[in-house]
Amino acid sequence: MQKTFIKYTLAIVTTAILLILFINSVFSVRSLEAQKLMAFRTKIEQVIHTLQNNEEELALLNENLGEDYLTRARAAAYVLERQREMYLDVEELQYLANLLNVDELHVIDGNGIIVSASVAQYIGIDMANHPQTRPFLALLEGGEDAYLIQDPQPNAAEGLIRQYVGVARRDQKGIVQVGFAPTRKLEAESRNTYEYIFSKFPTDAGEELYVTDTATGKVLGHSGGMDQAFTEDSYQLSRLLACEEGAFVKGQEGMMYVVSRPYEEVLICAALPRKLLFSKLLGNMLSIFLCLLCIEIAVILLLNYLVKRKVIDGIHCINDNLTAITNGNLDVKVAVGGNREFEELSSGINTMVKSIVSISNRISAIIDMSGIPLAAFEYKRGENYVFVTSGVGELLSLPAAQAKELYGNADLFDEYIRKITDRPAEGETDIFPVGEGKYVRIHMSGTDAASGADGTPGADAASVSGADDMSGSGGEKGCLGVIIDASREIQEKKKMVYENTHDALTGLCKYGHFKQLAAEIIKGTASGKGCAVVMLDLDRFKEINDTFGHNMGDYYLQTFAGVMQSMPEEHFLTARRSGDEFCMMIYDCRNREQVIRHLEEFFLALQNTPVALSDTESRVIGASAGFQWTDSPDASVAELLSHADEALYGVKRENKGHFREWVRKDDLSGLT
């Protein structure tokens with residue numbers, strides 16, 4: 001039914017479009033000619049306006065330049081009247097010409113002879129011998145205010161284009177003449193030519209602008225230049241006189257549409273080949289056709305949309321929503337309107353989904369009431385929904401925005417969970433860090449479907465290591481997971497490890513842990529580096545205990561341990577052996593001299609850390625030490641400790657408060 005309706009509608013609309021195009025073409029021909037007539041008249045008016053402006057500009061320029069040149073000529077005459085000796089010197093006249101900014105300066109006597117000039121070769125010229133100079137002789141009889149401003153023309157001496165201005169002298173019979181190269185005026189005149197004006201007017205392809213003399217019929221200017229014969233009818237004066245309202249005349253490219261307009265003694269014309277004129281009509285018709293075609297398409301699409309919207313789209317929407325709900329996205333709300341049947345069906349589906357969601361919410365509430373930090377999730381890769389209980393985001397330390405994004409995309413959630421499970425906590429297999437000081441235990445299992453038909457998981461829970469097998473069936477299997485907070489368990493383990501390896505009073509390593517770490521350091525020592533094991537014993541510690549009490553003795557030990565811990569971690573490993581006995585390893589050293597410098601820094605730090613034993617007495621911590629250096633990766637920690645202990649007791653016997661390196665008995669030895 002829908003296809004039949006669209007087919008008949010398409011036939012009717014197409015017929016209407018063709019009829020509109022035919023009627024439009026009949027009226028468009030006359031309309032196009034009228035438009036072109038108006039366009040040509042506008043261009044011709046612009047040409048006339050430009051000609052008038054240029055003529056006014058040229059007249060104003062001539063007036064201004066004439067007054068300016070006349071002023072300079074009179075200034076030259078004024079100077080020469082007061083400095084008569086100047087005009088006899090060519091260099092002086094050249095200097096005066098430069099001051100007045102003129103190109104030439106001539107002095108003419110009462111006989112019409114140039115007696116002095118800024119151009120030496122002009123001296124001696126008789127003004128009566130040339131048509132260009134002869135008009136200036138009238139100034140000799142015209143009185144002292146007489147002057148002449150001559151138009152630009154070739155001069156008598158060299159044929160150079162010059163404009164001369166002459167004034168009668170007041171002090172004696174004679175003339176002062178100045179000459180200028182009329183650059184500005186010639187440029188202004190060149191801008192008033194038809195070729196120049198036409199070059200500034202944009203023309204369409206094939207369009208012509210030209211001017212014909214109404215007296216001779218000669219073409220005076222053409223927008224395409226003057227290198228053609230102009231023999232066609234479109235250039236003949238007799239044919240152009242009848243084109244004021246526009247007419248078709250034979251031209252070089254076939255029939256031309258020509259519009260003419262008389263102006264003063266010329267006829268200004270604009271022409272365009274008929275084929276180009278009607279090509280625009282075809283372009284317009286094509287544009288109209290395309291617009292109508294777009295309208296037809298829009299109408300067909302709208303009708304098709306209305307048919308689909310009432311029936312077909314409603315069915316598709318319900319099917320899509322049911323597919324999403326089947327895949328676990330229980331947040332989907334079916335809302336299909338348009339008719340009563342769809343609305344009733346949507347309401348029934350939503351009621352069913354609401355019942356399912358209510359069951360899952362009750363499960364989350366039961367987990368929360370139990371007080372157990374536990375949460376569960378279920379998803380199927382490739383879907384855009386993840387089922388989670390309320391505690392998942394909190395246990396995984398997920399910000400609200402990130403949680404929303406992950407819950408809306410099963411693939412992202414799966415990738416996030418696997419990133420966590422790829423990094424188990426140290427010494428663990430199913431406990432993973434998820435934040436600063438926070439750990440979770442995660443168990444996951446694959447299912448053949450999101451859940452069984454009865455709502456139970458499709459497989460028993462398995463460890464995380466078994467979850468990797470879920471990717472073997474093209475992403476169609478689901479995943480069921482449980483998350484349990486394991487932070488307290490990890491903290492208790494770390495606390496237990498710390499208590500087993502560190503001294504409770506001082507916070508230093510215990511002796512057994514020290515030996516284990518020291519052995520690892522020796523084994524990993526780089527070539528060219530070495531280390532030293534140091535045994536230390538506090539001097540007169542029993543006296544402090546007996547005098548100030550055991551609490552002060554403990555404080556004394558803690559202060560000593562604090563100095564040990566203040567040494568650079570990259571070189572010092574510190575431990576308490578027992579009572580007032582301590583040990584250190586100084587490692588990553590280039591030689592024993594570097595070890596000795598570190599020990600000197602340590603003993604200096606002891607001297608700078610006095611202990612306040614009472615309100616009236618404080619004491620610097622006294623300690624003795626013995627050490628042995630080694631650069632062998634196979635050295636025995638027990639042997640090094642024994643030798644360092646032996647060196648320590650030597651110091652205690654002979655020179656307390658110092659340190660000594662162990663040496664063999666047959667070697668020379670001394671206190672360091």
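Buried residues have under 20% relative accessible area, exposed residues over 50%, and partly exposed residues lie in between (1.4 Å probe, protein chains only). The model is predicted: local features need pLDDT of at least 70, side-chain atom pairs count only at pLDDT 80 or more, and totals for chains, interfaces and linings use all residues. Residues are numbered from 1 along each chain as its sequence is written, and side-chain values use heavy atoms, without hydrogens and water.

**View A. Salt bridge between Arg82 and Glu81.** The closest N and O atoms of the pair are 3.5 Å apart; a salt bridge requires a side-chain nitrogen of Lys or Arg within 4 Å of a carboxyl oxygen of Asp or Glu. Arg82 is exposed at 53% relative accessibility, whereas Glu81 is buried at 17%.

**View B. Network of salt bridges linking Glu428, Asp430, Arg441, Glu489 and Lys493.** Asp430 and Arg441 approach to 3.0 Å between their closest N and O atoms. Asp430 belongs to the loop between helix H10 (410–421) and strand E14 (431–435), and Arg441 to strand E15 (residues 438–447), so this pair ties together parts 11 residues apart in sequence. Helices (H or I, at least four residues) and strands (E, at least two) are DSSP runs, numbered from the N terminus. For Arg441 and Glu489, the corresponding N and O separation is 2.6 Å. Arg441 is buried, at 19%, and Glu489 is partly exposed, at 30%.

**View C. Buried and exposed residues of helix H2 (residues 90–100).** Leu93, Leu96, Ala97 and Leu100 are buried. The face turned away from the buried side carries the exposed residues Glu91, Tyr95, Asn98 and Leu99.
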